There are 2 protein chains.
Amino acid sequence: MMSQNLLITTSIRNWDEQNKRLLSLVNTLNEDQLQNQISPGRNSGMYLLGHLAAINNNMMALFELGENPLPELDDIFIKAPDKKVEHSYTVNALKEIVLQSIQNLNENIARISEADWLDRHSNVSPEEFIHQPHRNKINVLISRTLHLAYHLGQLSLLK
Amino acid sequence: MMSQNLLITTSIRNWDEQNKRLLSLVNTLNEDQLQNQISPGRNSGMYLLGHLAAINNNMMALFELGENPLPELDDIFIKAPDKKVEHSYTVNALKEIVLQSIQNLNENIARISEADWLDRHSNVSPEEFIHQPHRNKINVLISRTLHLAYHLGQLSLLK
(Lines give C-alpha, C1' and ligand atoms only; values in the text may rest on other atoms or scores of the structure.)
Protein backbone atom coordinates (compact mmCIF):
# COMPACT_ATOMS: atom_id res chain seq x y z
CA MET A 1 0.00 0.00 0.00
CA MET A 2 2.97 2.30 0.56
CA SER A 3 3.25 3.20 -3.08
CA GLN A 4 -0.46 3.78 -3.74
CA ASN A 5 -0.02 6.27 -0.96
CA LEU A 6 2.46 8.07 -3.16
CA LEU A 7 -0.23 8.86 -5.76
CA ILE A 8 -2.62 10.01 -3.05
CA THR A 9 -0.16 12.06 -0.99
CA THR A 10 1.31 13.65 -4.13
CA SER A 11 -2.13 14.56 -5.46
CA ILE A 12 -3.33 16.02 -2.16
CA ARG A 13 -0.10 18.01 -1.80
CA ASN A 14 -0.62 19.51 -5.27
CA TRP A 15 -4.26 20.28 -4.50
CA ASP A 16 -3.22 22.09 -1.31
CA GLU A 17 -0.44 23.96 -3.10
CA GLN A 18 -2.75 25.31 -5.83
CA ASN A 19 -5.32 26.38 -3.22
CA LYS A 20 -2.60 28.17 -1.28
CA ARG A 21 -1.70 30.05 -4.46
CA LEU A 22 -5.34 30.93 -5.03
CA LEU A 23 -5.84 32.29 -1.52
CA SER A 24 -2.59 34.19 -1.56
CA LEU A 25 -3.49 35.75 -4.94
CA VAL A 26 -7.02 36.65 -3.77
CA ASN A 27 -5.54 38.33 -0.71
CA THR A 28 -3.46 40.65 -2.89
CA LEU A 29 -6.51 41.77 -4.90
CA ASN A 30 -8.88 44.49 -3.73
CA GLU A 31 -12.65 44.62 -4.25
CA ASP A 32 -12.41 46.59 -7.49
CA GLN A 33 -9.84 44.25 -8.97
CA LEU A 34 -12.00 41.21 -8.17
CA GLN A 35 -14.98 42.87 -9.82
CA ASN A 36 -12.96 43.39 -13.01
CA GLN A 37 -13.06 41.02 -15.95
CA ILE A 38 -9.97 38.88 -16.54
CA SER A 39 -10.03 40.19 -20.13
CA PRO A 40 -12.60 42.46 -21.84
CA GLY A 41 -15.93 40.66 -22.18
CA ARG A 42 -14.77 37.61 -20.20
CA ASN A 43 -15.55 36.31 -16.71
CA SER A 44 -15.06 38.59 -13.73
CA GLY A 45 -12.82 37.66 -10.83
CA MET A 46 -15.84 37.34 -8.54
CA TYR A 47 -17.60 35.00 -10.97
CA LEU A 48 -14.52 32.76 -10.95
CA LEU A 49 -14.50 32.75 -7.12
CA GLY A 50 -18.13 31.60 -7.13
CA HIS A 51 -17.32 29.06 -9.83
CA LEU A 52 -14.42 27.53 -7.90
CA ALA A 53 -16.47 27.41 -4.68
CA ALA A 54 -19.35 25.67 -6.50
CA ILE A 55 -16.96 23.10 -8.02
CA ASN A 56 -15.42 22.44 -4.58
CA ASN A 57 -18.84 22.05 -2.95
CA ASN A 58 -19.87 19.55 -5.62
CA MET A 59 -16.97 17.32 -4.65
CA MET A 60 -18.70 16.68 -1.31
CA ALA A 61 -21.34 14.60 -3.10
CA LEU A 62 -18.94 13.12 -5.66
CA PHE A 63 -16.84 11.79 -2.77
CA GLU A 64 -19.93 10.76 -0.78
CA LEU A 65 -18.87 12.93 2.15
CA GLY A 66 -22.16 14.70 2.69
CA GLU A 67 -24.39 17.25 1.11
CA ASN A 68 -23.32 20.18 -0.98
CA PRO A 69 -23.53 23.09 1.53
CA LEU A 70 -24.52 25.69 -1.12
CA PRO A 71 -26.15 23.97 -4.11
CA GLU A 72 -27.71 27.31 -5.15
CA LEU A 73 -24.28 28.39 -6.44
CA ASP A 74 -24.49 25.88 -9.32
CA ASP A 75 -27.16 27.76 -11.29
CA ILE A 76 -25.27 31.04 -11.01
CA PHE A 77 -21.64 29.99 -11.28
CA ILE A 78 -21.56 26.67 -13.15
CA LYS A 79 -24.62 26.31 -15.35
CA ALA A 80 -24.67 29.96 -16.46
CA PRO A 81 -21.89 32.25 -17.68
CA ASP A 82 -21.03 35.44 -15.82
CA LYS A 83 -23.83 38.00 -15.38
CA LYS A 84 -26.58 35.75 -16.84
CA VAL A 85 -28.19 35.01 -13.47
CA GLU A 86 -28.81 37.89 -11.08
CA HIS A 87 -27.57 37.37 -7.54
CA SER A 88 -26.71 39.42 -4.49
CA TYR A 89 -23.37 37.88 -3.51
CA THR A 90 -20.78 40.56 -2.84
CA VAL A 91 -17.06 40.17 -3.57
CA ASN A 92 -16.37 39.77 0.13
CA ALA A 93 -19.08 37.14 0.52
CA LEU A 94 -17.62 35.16 -2.40
CA LYS A 95 -14.11 35.41 -0.94
CA GLU A 96 -15.47 33.92 2.28
CA ILE A 97 -17.51 31.28 0.39
CA VAL A 98 -14.52 30.03 -1.57
CA LEU A 99 -12.38 29.89 1.57
CA GLN A 100 -15.10 27.94 3.39
CA SER A 101 -15.50 25.55 0.46
CA ILE A 102 -11.80 24.69 0.56
CA GLN A 103 -11.69 24.29 4.35
CA ASN A 104 -14.87 22.23 4.47
CA LEU A 105 -13.74 19.92 1.67
CA ASN A 106 -10.25 19.49 3.13
CA GLU A 107 -11.59 18.59 6.57
CA ASN A 108 -13.84 16.01 4.98
CA ILE A 109 -11.41 14.44 2.53
CA ALA A 110 -9.11 13.72 5.47
CA ARG A 111 -11.63 10.94 6.25
CA ILE A 112 -11.20 9.21 2.86
CA SER A 113 -9.20 6.00 3.16
CA GLU A 114 -6.52 4.97 0.71
CA ALA A 115 -8.73 2.23 -0.73
CA ASP A 116 -11.61 4.65 -1.08
CA TRP A 117 -9.53 7.24 -2.98
CA LEU A 118 -8.93 4.51 -5.55
CA ASP A 119 -12.60 3.50 -5.66
CA ARG A 120 -15.17 4.94 -8.05
CA HIS A 121 -16.73 8.35 -7.44
CA SER A 122 -20.48 8.71 -7.08
CA ASN A 123 -21.12 9.56 -10.77
CA VAL A 124 -19.73 6.22 -11.94
CA SER A 125 -21.73 3.00 -11.66
CA PRO A 126 -20.05 -0.24 -10.53
CA GLU A 127 -20.53 -1.55 -14.10
CA GLU A 128 -18.86 1.46 -15.72
CA PHE A 129 -16.02 1.29 -13.20
CA ILE A 130 -15.07 -2.21 -14.33
CA HIS A 131 -14.26 -0.84 -17.78
CA GLN A 132 -13.05 2.62 -16.67
CA PRO A 133 -11.02 1.98 -13.50
CA HIS A 134 -9.36 5.42 -13.69
CA ARG A 135 -12.69 7.09 -12.83
CA ASN A 136 -11.83 7.03 -9.14
CA LYS A 137 -11.90 9.73 -6.50
CA ILE A 138 -8.24 10.62 -6.63
CA ASN A 139 -8.55 11.35 -10.36
CA VAL A 140 -11.40 13.73 -9.61
CA LEU A 141 -9.13 15.61 -7.19
CA ILE A 142 -6.34 15.68 -9.79
CA SER A 143 -8.60 17.02 -12.52
CA ARG A 144 -10.04 19.62 -10.14
CA THR A 145 -6.46 20.68 -9.34
CA LEU A 146 -5.80 21.19 -13.07
CA HIS A 147 -9.10 23.06 -13.35
CA LEU A 148 -8.00 25.32 -10.49
CA ALA A 149 -4.61 25.96 -12.15
CA TYR A 150 -6.44 26.86 -15.39
CA HIS A 151 -8.51 29.54 -13.63
CA LEU A 152 -5.53 30.69 -11.54
CA GLY A 153 -3.82 31.60 -14.81
CA GLN A 154 -6.84 33.78 -15.58
CA LEU A 155 -7.22 35.29 -12.10
CA SER A 156 -3.53 36.29 -12.15
CA LEU A 157 -4.49 38.76 -14.93
CA LEU A 158 -6.44 40.84 -12.40
CA LYS A 159 -3.21 41.99 -10.72
CA MET B 1 5.80 -1.92 -8.22
CA MET B 2 2.30 -2.09 -9.68
CA SER B 3 1.02 0.78 -7.61
CA GLN B 4 3.97 3.12 -8.14
CA ASN B 5 2.99 2.62 -11.74
CA LEU B 6 -0.34 4.18 -10.90
CA LEU B 7 1.29 7.51 -9.99
CA ILE B 8 3.39 7.41 -13.14
CA THR B 9 0.69 6.30 -15.58
CA THR B 10 -1.82 8.76 -14.09
CA SER B 11 0.65 11.64 -14.32
CA ILE B 12 1.66 10.85 -17.90
CA ARG B 13 -1.99 10.51 -18.93
CA ASN B 14 -2.74 13.96 -17.48
CA TRP B 15 0.31 15.45 -19.19
CA ASP B 16 -0.83 14.01 -22.52
CA GLU B 17 -4.39 15.21 -22.00
CA GLN B 18 -3.36 18.82 -21.30
CA ASN B 19 -1.09 18.82 -24.34
CA LYS B 20 -3.93 17.50 -26.48
CA ARG B 21 -6.06 20.41 -25.26
CA LEU B 22 -3.26 22.86 -26.05
CA LEU B 23 -2.78 21.59 -29.60
CA SER B 24 -6.48 21.44 -30.28
CA LEU B 25 -6.92 25.02 -29.00
CA VAL B 26 -3.96 26.28 -31.04
CA ASN B 27 -5.44 24.66 -34.14
CA THR B 28 -8.64 26.68 -33.73
CA LEU B 29 -6.74 30.00 -33.53
CA ASN B 30 -5.55 31.90 -36.60
CA GLU B 31 -2.32 33.89 -36.95
CA ASP B 32 -3.91 37.17 -35.86
CA GLN B 33 -5.48 35.61 -32.78
CA LEU B 34 -2.16 34.10 -31.73
CA GLN B 35 -0.46 37.48 -32.13
CA ASN B 36 -3.02 39.08 -29.82
CA GLN B 37 -2.44 39.60 -26.12
CA ILE B 38 -4.42 37.38 -23.74
CA SER B 39 -5.53 40.60 -22.01
CA PRO B 40 -4.48 44.20 -22.71
CA GLY B 41 -0.81 44.72 -21.84
CA ARG B 42 -0.23 41.03 -21.06
CA ASN B 43 1.60 38.21 -22.86
CA SER B 44 0.72 37.46 -26.47
CA GLY B 45 -0.39 34.02 -27.58
CA MET B 46 2.82 33.55 -29.54
CA TYR B 47 4.95 34.45 -26.53
CA LEU B 48 3.15 31.76 -24.53
CA LEU B 49 3.79 29.20 -27.30
CA GLY B 50 7.50 30.01 -27.16
CA HIS B 51 7.39 29.90 -23.37
CA LEU B 52 5.77 26.45 -23.27
CA ALA B 53 8.20 25.10 -25.88
CA ALA B 54 11.18 26.43 -23.90
CA ILE B 55 9.86 24.85 -20.67
CA ASN B 56 9.37 21.52 -22.48
CA ASN B 57 12.85 21.61 -23.98
CA ASN B 58 14.37 22.27 -20.57
CA MET B 59 12.86 19.02 -19.29
CA MET B 60 15.25 17.12 -21.59
CA ALA B 61 18.18 18.14 -19.38
CA LEU B 62 16.23 17.91 -16.11
CA PHE B 63 15.39 14.29 -16.99
CA GLU B 64 18.92 13.61 -18.26
CA LEU B 65 17.55 12.58 -21.65
CA GLY B 66 19.85 14.68 -23.81
CA GLU B 67 20.50 18.25 -24.76
CA ASN B 68 17.97 21.02 -24.99
CA PRO B 69 17.38 21.25 -28.77
CA LEU B 70 16.72 25.03 -28.72
CA PRO B 71 18.37 26.63 -25.69
CA GLU B 72 18.18 30.03 -27.41
CA LEU B 73 14.46 30.13 -26.59
CA ASP B 74 15.21 30.58 -22.87
CA ASP B 75 16.48 34.17 -23.14
CA ILE B 76 13.46 35.23 -25.19
CA PHE B 77 10.61 33.24 -23.68
CA ILE B 78 11.60 32.37 -20.09
CA LYS B 79 14.13 34.89 -18.79
CA ALA B 80 12.43 37.91 -20.40
CA PRO B 81 8.81 39.00 -20.54
CA ASP B 82 7.02 39.38 -23.87
CA LYS B 83 8.52 41.83 -26.39
CA LYS B 84 11.65 42.55 -24.30
CA VAL B 85 13.98 40.54 -26.53
CA GLU B 86 13.76 40.99 -30.30
CA HIS B 87 13.46 37.81 -32.31
CA SER B 88 12.37 36.69 -35.75
CA TYR B 89 10.17 33.70 -34.86
CA THR B 90 6.85 33.84 -36.68
CA VAL B 91 3.57 32.53 -35.26
CA ASN B 92 3.76 29.53 -37.56
CA ALA B 93 7.34 28.77 -36.57
CA LEU B 94 6.37 28.88 -32.89
CA LYS B 95 3.40 26.59 -33.51
CA GLU B 96 5.76 24.09 -35.08
CA ILE B 97 8.38 24.55 -32.32
CA VAL B 98 5.88 23.84 -29.55
CA LEU B 99 4.57 20.77 -31.38
CA GLN B 100 8.13 19.50 -31.87
CA SER B 101 8.99 20.13 -28.22
CA ILE B 102 6.06 17.98 -27.10
CA GLN B 103 6.76 15.17 -29.57
CA ASN B 104 10.49 15.13 -28.83
CA LEU B 105 9.97 15.08 -25.08
CA ASN B 106 7.29 12.40 -25.26
CA GLU B 107 9.45 10.11 -27.39
CA ASN B 108 12.26 10.50 -24.90
CA ILE B 109 10.33 10.14 -21.65
CA ALA B 110 9.09 6.78 -22.92
CA ARG B 111 12.62 5.57 -22.08
CA ILE B 112 12.39 6.57 -18.39
CA SER B 113 12.01 3.56 -16.13
CA GLU B 114 9.63 3.44 -13.20
CA ALA B 115 12.51 3.59 -10.71
CA ASP B 116 14.01 6.54 -12.58
CA TRP B 117 10.75 8.53 -12.54
CA LEU B 118 10.91 8.30 -8.76
CA ASP B 119 14.57 9.27 -8.64
CA ARG B 120 15.88 12.83 -8.30
CA HIS B 121 15.96 15.19 -11.27
CA SER B 122 19.22 16.76 -12.42
CA ASN B 123 18.82 19.98 -10.40
CA VAL B 124 18.77 18.10 -7.10
CA SER B 125 21.94 16.74 -5.51
CA PRO B 126 21.99 13.27 -3.90
CA GLU B 127 22.37 15.00 -0.51
CA GLU B 128 19.35 17.27 -1.04
CA PHE B 129 17.30 14.32 -2.28
CA ILE B 130 17.71 12.48 1.04
CA HIS B 131 15.83 15.30 2.78
CA GLN B 132 13.50 16.21 -0.11
CA PRO B 133 12.49 12.87 -1.65
CA HIS B 134 9.55 14.44 -3.51
CA ARG B 135 11.96 16.31 -5.81
CA ASN B 136 11.84 13.46 -8.31
CA LYS B 137 11.22 13.41 -12.05
CA ILE B 138 7.54 12.53 -11.91
CA ASN B 139 6.88 15.58 -9.72
CA VAL B 140 8.55 17.75 -12.34
CA LEU B 141 6.15 16.37 -14.95
CA ILE B 142 3.19 16.96 -12.63
CA SER B 143 4.18 20.55 -11.91
CA ARG B 144 4.79 21.17 -15.63
CA THR B 145 1.28 19.82 -16.30
CA LEU B 146 -0.15 22.33 -13.81
CA HIS B 147 1.96 25.06 -15.41
CA LEU B 148 0.52 24.10 -18.80
CA ALA B 149 -3.06 24.20 -17.45
CA TYR B 150 -2.36 27.67 -16.00
CA HIS B 151 -1.33 29.02 -19.41
CA LEU B 152 -4.12 27.11 -21.18
CA GLY B 153 -6.58 29.13 -19.12
CA GLN B 154 -4.93 32.24 -20.52
CA LEU B 155 -4.63 31.03 -24.12
CA SER B 156 -8.33 30.16 -24.12
CA LEU B 157 -9.00 33.92 -23.89
CA LEU B 158 -7.70 34.36 -27.44
CA LYS B 159 -10.77 32.60 -28.88
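First, some housekeeping. Residues are numbered from 1 along each chain as its sequence is written, and chains are lettered from A, with ligands numbered from 1, in the order in which they are written. Because this is a prediction, local features need pLDDT of at least 70 and side-chain atom pairs count only at pLDDT 80 or more, while totals for chains, interfaces and linings use all residues; side-chain values use heavy atoms, leaving out hydrogens and water.

Let's start where the two chains meet. The contact (heavy atoms within 4.5 Å) takes 26 residues from chain A and 26 residues from chain B. About 2300 Å² is buried between chain A and chain B, with 62% coming from carbon and sulfur atoms. Buried area here is the accessible area, with a 1.4 Å probe, that two parts lose on being put together, summed over both. L146(A), Y150(A) and L157(A) supply 24% of what chain A buries against chain B, more than any other three residues.

Now look at helix α8, residues 137-155, in each chain. Helices are DSSP runs of H or I, at least four residues, numbered from the N terminus. The axes of α8(A) and α8(B) come within 6 Å and cross at roughly 50°. Axes are lines fitted to C-alpha atoms over the stretch in contact, and angles run from 0 to 180 degrees between N-to-C directions. The two helices are therefore oblique to each other; under 35 degrees counts as roughly parallel, over 145 as roughly antiparallel, 65 to 115 as roughly perpendicular, and the rest as oblique. Among the residues meeting there are L146 and Y150 of both chains. The contact of α8(A) with α8(B) has 8 nonpolar, 6 polar and no charged residues. Ala, Val, Leu, Ile, Met, Phe, Trp, Tyr, Cys and Pro count as nonpolar, Asp, Glu, Lys and Arg as charged, and the others, Gly among them, as polar.

One pairs E64(A) with K137(A), the closest N and O atoms being 3.8 Å apart. E64(A) lies in the loop between α3 and α4 of chain A and K137(A) in α8, so the pair ties together parts that are 73 residues apart in sequence.

Finally, step inside chain B. Helices α3(B) and α8(B) pack at about 175°, with axes 11 Å apart, which makes them roughly antiparallel. Their contact residues divide into 9 nonpolar, 5 polar and 2 charged. Helix α3(B) also meets α5(B), with axes that come within 9 Å and cross at roughly 25°, so this pair is roughly parallel. The contact of α3(B) with α5(B) has 12 nonpolar, 6 polar and 1 charged residues.

Terms used
A salt bridge is a side-chain nitrogen of Lys or Arg within 4 Å of a carboxyl oxygen of Asp or Glu.
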